[in-house]
Amino acid sequence: MAGAIAVAAVMLRLAPAHAIGPPWMLGLLAALALVWVAWQPSGTVRDDVLPALAVVLAAFGLGMVARLSPALAQKQQLWILVSLLLAIAMGPVFTHFRRFAAYKYLWVVASLALFAMLLVFGQEVNGARLWIRIGPIQYEPIELIKLFIVLFLAAYLAETADVIANARPWSLRANVKYLGPLFIGWGASMAILVVQRDLGMATLLLATFATLLFVATRRLDIVLFGALLFALGAVWAVHHYPYVQTRIAVWRNPFSDPLGAGYQSSQAYYSLAAGGLVGSGYRLGHPEFIPDVATDYVYAAVAEEFGLIGALVVLAIFLDAVRRMFRAGLEQPDLYTKLLATGLGATLGFQVVIIVSGVIGLLPLTGITLPFVSYGGSSLVANFLLIALVWAMSARPRRNA
Amino acid sequence: MTAIFGADIGFYRAMRLGSLEVTAALALVAILAARPRVRAAADVGSLTPMEVQLDVRERGARRTVTLRPPCVIGRTSEADLPLRDAEVSRRHARIETQNGVVYVADMGSSNGTFLNGRRVDDVIELREGDEIDVGTTRMVVTSVRAG
C-alpha cells in the first residue's frame with residue numbers, strides 16, 4: 001500500500017495545482033488508504049495488493065479528471081474520501097461475509113427498492129433515467145444494484161448449483177423449480193434496465209449472470225438460452241429506442257455524421273490516433289475536444305496522453321486485479337465464496353471490457369464508467385466496496401483451533 | 001527563447017518526462033501485482049480427492065458413512081448424506097475440500113451447524129475426532145484421508 005501511495009504521488013505531482021488539493025486533503029486520502037489496509041482482524045492473511053491496485057487506479061483517475069476538468073476533480077476527490085471512509089466502515093461487516101448468504105432475498109428486495117426509488121425520484125439525463133437526487137448528492141443506484149445481484153446469485157447458486165447441474169435439460173419440472181427464482185430475480189432487473197434504457201449495465205449484468213451460472217453448473221444450454229433472450233431484447237431495443245439506433249449507426253460508421261451524432265466517437269478516434277505509441281504526454285494532448293470525456297471517454301484521454309503503452313499498462317493493472325479476485329475465490333474451500341469472488345471479479349472485468357471496447361470501437365458505446373478512473377461518485381463508491389469485499393474474502397480459511 | 005507556439009519549453013519537458021515516469025511506475029505496479037502470492041500456482045485450487053468417514057448418531061441409531069467432498073448434508077433425499085431429522089434444514093451443511101484439507105460450512109440452515117459445540121459461521125477445518133452437530137444428529141469424524 002505504501003508503494004501504491006508513492007505511485008499516486010508520482011502521478012498527482014504533475015496534476016494542475018488548482019484542480020486537486022489542498023495538500024492536507026491528499027494527505028488525508030493517503031492516511032485513509034493506509035488505515036483501510038492496516039485495519040484488519042489480527043491473525044488473518046489477506047491479499048493486500050488488491051486494495052493497493054484500487055488506490056493506484058483511483059489516483060491515476062483523479063489525475064486524469066484533474067487534467068480534463070478541475071471542477072469535477074474537486075468533486076471526485078470528495079467521492080474518493082467518501083469511498084475510503086465507507087470501505088473502512090464496512091470492514092468489520094465484510095469480515096463476516098459468509099453470513100450474507102443467509103439473507104439472499106434481502107439483496108433482491110434492496111435492489112427492487114432502489115429501482116422503485118429510481119422510478120419515483122429518478123432524474124433523466126441524456127435519455128436514460130439513472131439518478132436519484134438527495135439534496136446536493138446525485139447517486140446512480142444501478143452501481144449498487146450490480147453488487148446486490150451478484151450477492152444474491154452467488155448465495156442462491158451455492159445452494160442449488162449441484163441440483164441444477166444434475167437436472168436433465170428436458171426435465172421441465174426440475175429446471176423450472178430451481179431456475180425460476182433465478183430468472184424472476186434476473187428478468188425483473190433486466191426488464192427494468194431496458195425500461196431505464198441503460199443497455200450498458202444490462203449487458204454487464206447479463207454477462208455476470210451467464211458467467212456465474214456457467215461456473216456454478218457447467219450447463220451451457222441455460223447460458224445460451226439466456227444469451228438468446230438477451231439478443232431478442234437487444235433487437236427489440238434497437239427497434240424501439242432511437243438513441244440505441246443512433247449508437248449502433250455511429251459505431252458502424254462514425255464518420256458518416258462527424259459533426260452531429262458521430263462527433264464524440266470520431267473525436268475519440270482522433271485522440272487515440274494522436275496518442276500513438278508513447279502518447280503526447282500528460283497535459284500536452286487535447287482530449288478535451290471529446291464531449292463527456294471525463295466519464296465515458298476517459299480511456300481515450302489516457303490513450304492520447306500516455307499512448308498505446310500507457311493504455312495497455314492500465315489494462316494490465318485491471319487484469320491483475322481481476323486475476324487476484326478470481327484467485328481469492330479459488331483459494332477458498334466453500335462454493336459460496338468461490339462463486340461470490342468469481343461474480344465480483346467478472347463484474348469488474350466485464351465493465352472494463354465493455355467500456356474500453358466501446359471507446360476503441362469494438363462494441364457500440366454504452367455509457368458506463370471505467371472503474372476507478374472515470375469521473376463518477378456512484379461508480380467509485382460501489383467499486384471500492386466491491387474491492388473491500390473481495391479483499392475480506394481473500395483471507396485464508398481458519399484452521400481448527 | 002522559452003516559448004514556441006505559446007507553450008513553455010520547461011513545462012513541456014517536465015510533462016513529457018513526468019508522463020514517462022508515470023507510465024513506468026504504473027508498469028512496475030502491473031508487473032509486481034502479477035506475481036503470484038506466496039505459493040506456486042499449481043497449488044491453488046488443486047483438487048486432491050479426499051475421503052471423510054463419519055460416525056452418524058441419528059435418533060439412537062448408529063451408522064458409518066464415507067463421504068467424498070464436496071458434498072451436502074441435509075433433509076432432502078437429494079443430499080449426499082440424507083438425514084431424517086425434523087430440525088435439519090433441507091440443505092443444511094456442506095463438506096468441502098481444498099488442497100488436501102477438509103472443511104465444514106453451514107449453508108444458511110435454520111438451526112445452525114455446530115463443530116465441537118461452537119456454531120459454524122464461516123468455513124472451519126475438520127480433523128479426526130471432531131464432532132459435528134446438526135439438529136439432533138451428531139456426527140463424529142472418524143477418519144480424514146486422501147482417497
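Before you click anything, one term: a residue is buried if 20 or more other C-beta atoms lie within 10 Å of its own, and exposed if 12 or fewer do. Keep in mind, too, that this is a predicted model.

**Stop 1**

Select residues 104-121 of chain A, which make up helix H5. This helix has 18 residues and reaches 26 Å from its first C-alpha to its last, close to the 26 Å expected at 1.5 Å a residue. Now colour its buried residues: A:Lys104, A:Trp107, A:Val108, A:Ser111, A:Phe115 and A:Leu118. Turn the view until you look down the axis of H5(A): those buried residues fall within an arc of 100°, so they line one face of the helix. Here's the general idea: an α-helix has 3.6 residues a turn, so residues three or four places apart point the same way.

**Stop 2: where the chains touch**

Show both chains together. Here 41 residues of chain A are in contact with 37 residues of chain B. Which helices of chain A each supply at least two residues of the side that touches chain B? Select H1 (2-12), H3 (49-68), H6 (142-166) and H12 (298-330) to see them. The largest share comes from H12(A), with 11 residues. Colour this side of chain A by class and you'll get 23 nonpolar, 5 polar and 13 charged residues.

**Stop 3: one residue up close**

Zoom in on A:Val49, in helix H3 of chain A. Is A:Val49 buried or exposed? Since 20 or more neighbours is the mark for buried, A:Val49 counts as buried because it has 24 C-beta neighbours inside 10 Å. Leaving aside its neighbours within four places in sequence, A:Val49 is in contact with A:Arg324 and B:Ala33.

**Stop 4: a sheet in chain B**

Hop over to chain B and find the open sheet of 5 strands, in the order S6-S5-S7-S8-S11, with mixed pairing. Strands S6 (81-82) and S11 (124-125) of chain B stand at the edges with a single partner strand each, so one side of each has no neighbour in the sheet. To finish, select S8 (101-106) of chain B along with S11(B): the two run antiparallel and are joined by 2 bridges. Look for B:Val104, whose bridge partner in S11(B) is B:Ile124.

How values were computed: Residues are numbered from 1 along each chain as its sequence is written. Chains are lettered from A and ligands numbered from 1 in the order in which they are written. This is a predicted model: local features need pLDDT of at least 70, side-chain atom pairs count only at pLDDT 80 or more; totals for chains, interfaces and linings use all residues. Two residues are in contact if their C-beta atoms, placed from the backbone, lie within 7 Å. Helices (H or I, at least four residues) and strands (E, at least two) are DSSP runs, numbered from the N terminus. Ala, Val, Leu, Ile, Met, Phe, Trp, Tyr, Cys and Pro count as nonpolar, Asp, Glu, Lys and Arg as charged, and the others, Gly among them, as polar. Two strands pair if DSSP finds at least two bridges between them. The expected span of a helix is 1.5 Å times one less than its number of residues. The arc is that of the directions from the helix axis to the C-beta atoms.
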